Amino acid sequence: MTGERLDWLIRTLGTSGKDLSDQIGIDRSTMSKWRKNKRTLKYDSVYAQRIAEWAVRSPKEQNTAVIAHMLHEWDPSLSLADDRKRADALRLWLTLPQQPAEEPVRQTAGFASTETALGLEAAFEAQNQMFQMLQQLPDGQEIIMIDLGAVNWSACSPAMVADTMQYNLNALRDRKHAMIIIDQLTDSYRPRDYMFQWMPIYLQPTTTTYFYRNPKPLPLRQNILLIRGHGVLTMSSASTDPSHILSALYTQPEYIHLYEEMASTLLADSKPMMQTMKVQQLTPFLQKIARQMRSSHLLYMINALPTFRNMPSELLDEILRANHVSGNCYQECMAAGLQSTSTRARCESRQLYNLDAIESALEQDYIIDYDLSAIVGREIRITREQLKQQLLFLREHLRAPHYSLTIYPFSRLDMSFTPPCNMIVQDDSMAAAWDAKLYSNRMYSEEMSIVTGFYQYADSLWSQISPVCHEEAWCRRRIDALLAM
């Protein structure tokens, strides 16, 4: 029985049902019923996935590999090469009685080939089933995700959105290819905070994002998840009320072919919504920004830490030489710094840095500049003293024609999400976002609905800061306190 297996897992990892309930976000009575076999933990349940992921990443498993040994003894043919595969195997072990012997993915969650279900939970269960199907397919499988507003993401629980994003990321990390087509309704039903939360998806190297312009309002809103040649899931709603989502999962070839044709038609009528460039290509990226940005128009630059693009050439030269950078890489880094200075000087620029991040950086002997590291191809360090030299430079250049700088703790900004990445945006031209530490791509967009979302976000961050904190004297005192650390 599955209850005994769950009970063994809890005891073996030295935790309790109460703690595990808190970890996966389920009430304790349900956990108790699972352990006593009064309720069945199903393979396609998001909670089975959470339990498995939590277990393989637990400190005891990392130290003893007790779960990996058990799974190997249970079925030596299982692939246990990484945490994701161990979690998949553990989820199967925990719920095996619910898993049909053949074609396990297509028959879970109570969905036959043409069955439908009502409600948001059922829609997400079916979506998870589609991603399980995807895991069984070879690398390179194409996915098309069409978002025409059936789901009001802002009304979904954060846990549900996070789970959905994680399933997407797992699929993309397996070198699958995704095309995302998003309707103009995005402006009204997906707030900018959710756009930023989905940034890890947009920045994946295997993701291409398109924008579909529908000239007329759609009476039926529909989201479609299509795995070419294998299956299609539709979610439909007449409004964005999450309780009125109708889901249908199809695996018959004729239905799949029909939706493939529909996707091709939408794609032909779409244009790129976001484009990406490899992080190593910083100079072309900065050149594109320079071409797009309009002189004397308001430009926002939001960064956690001061970057090499905002320091004197002498200091950048010192940092590069200290890290033994020479030749073409040296020239490219120096040119990138000059390019940024030129763009900043001709636009009405507002720069915001995160005081929390700077204080944390000054507590360390050095920090890693990930943008420089991307250009050079290896880790580039900036020492605490070099960071202080940069702060001293900023102190003397807080105000200049068309330029103002503020340092403020992002933790005190009243936003659902603090800036999830570095970003630059001008209200009528272009938006860009990147985090070279986490992602291999930089994203940029000239689509005005995206630019407007970025700009409103940056403007709201700036306007939340008390006017006194924008004053030059206040900023100088703040930097003096940092220099004294």
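## Helices α19 and α22

Helix α19 passes helix α22 in a left-handed crossing; a crossing is left-handed if the near helix is turned anticlockwise from the far one by less than a right angle, and right-handed if clockwise. The contact draws on Lys388, Leu391, Leu392, Leu394 and Arg395 of α19, together with Arg476, Ile479, Asp480, Leu482 and Leu483 of α22, where contact means heavy atoms within 4.5 Å. By class, 6 nonpolar, no polar and 4 charged residues take part. In this classification Ala, Val, Leu, Ile, Met, Phe, Trp, Tyr, Cys and Pro are nonpolar, Asp, Glu, Lys and Arg are charged, and the others, Gly among them, are polar.

Helix α19 covers residues 384-396 and helix α22 covers residues 472-483; the two pack at an angle of about 165 degrees, with their axes 10 Å apart. That angle makes α19 roughly antiparallel to α22. Axes are lines fitted to C-alpha atoms, for helices over the stretch in contact, and angles between N-to-C directions run from 0 to 180 degrees. Angles under 35 degrees count as roughly parallel, over 145 as roughly antiparallel, 65 to 115 as roughly perpendicular and the rest as oblique.

## Basis of the description

The model is predicted: local features need pLDDT of at least 70, side-chain atom pairs count only at pLDDT 80 or more, and totals for chains, interfaces and linings use all residues. Residues are numbered from 1 along each chain as its sequence is written, and side-chain values use heavy atoms, with hydrogens and water left out.

## The chain as a whole

The chain holds 22 helices and 17 strands. Helices (H or I, at least four residues) and strands (E, at least two) are DSSP runs, numbered from the N terminus. Of the 485 residues, 55% count as buried; buried means under 20% relative accessible area, exposed over 50%, and partly exposed in between (1.4 Å probe, protein chains only).

Among contacts in the chain with a separation of 6 or more, 77% involve residues 24 or more positions apart. The accessible surface comes to about 21,300 Å², and carbon and sulfur atoms account for 50% of this area.

## Helices α15 and α19

Helix α19 also packs with α15, at an angle of about 165 degrees and with the axes 11 Å apart. These two helices are therefore roughly antiparallel to each other. Helix α15 passes α19 in a left-handed crossing.

On the α15 side, the contact is made by Leu315, Glu318, Ile319 and Ala322, and on the α19 side by Gln386, Gln389 and Gln390. By class, this contact has 3 nonpolar, 3 polar and 1 charged residues.

## Lys288 in helix α14

Lys288 lies in helix α14, which covers residues 282-292. Lys288 counts as buried because its relative accessibility is 15%. Not counting residues up to four places away in sequence, Lys288 touches Met430, Tyr444 and Glu446. Lys288 and Met430 are 142 residues apart in sequence, and their C-alpha atoms are 9.8 Å apart in space.

## Two loop residues with positive phi

Most residues other than glycine have a negative phi. Ser296, a residue other than glycine, has a positive phi near 70 degrees. Ser296 is found in the loop between α14 and β9 (298-303), and at 45% relative accessibility it counts as partly exposed.

His324 is not a glycine either, and has a positive phi of about 60 degrees. His324 belongs to the loop between α15 (313-322) and α16 (327-346). With a relative accessible area of 66%, His324 is exposed.

Note on methods
Areas by Shrake-Rupley, 256 points an atom, 1.4 Å probe, with all protein chains shown as cover.
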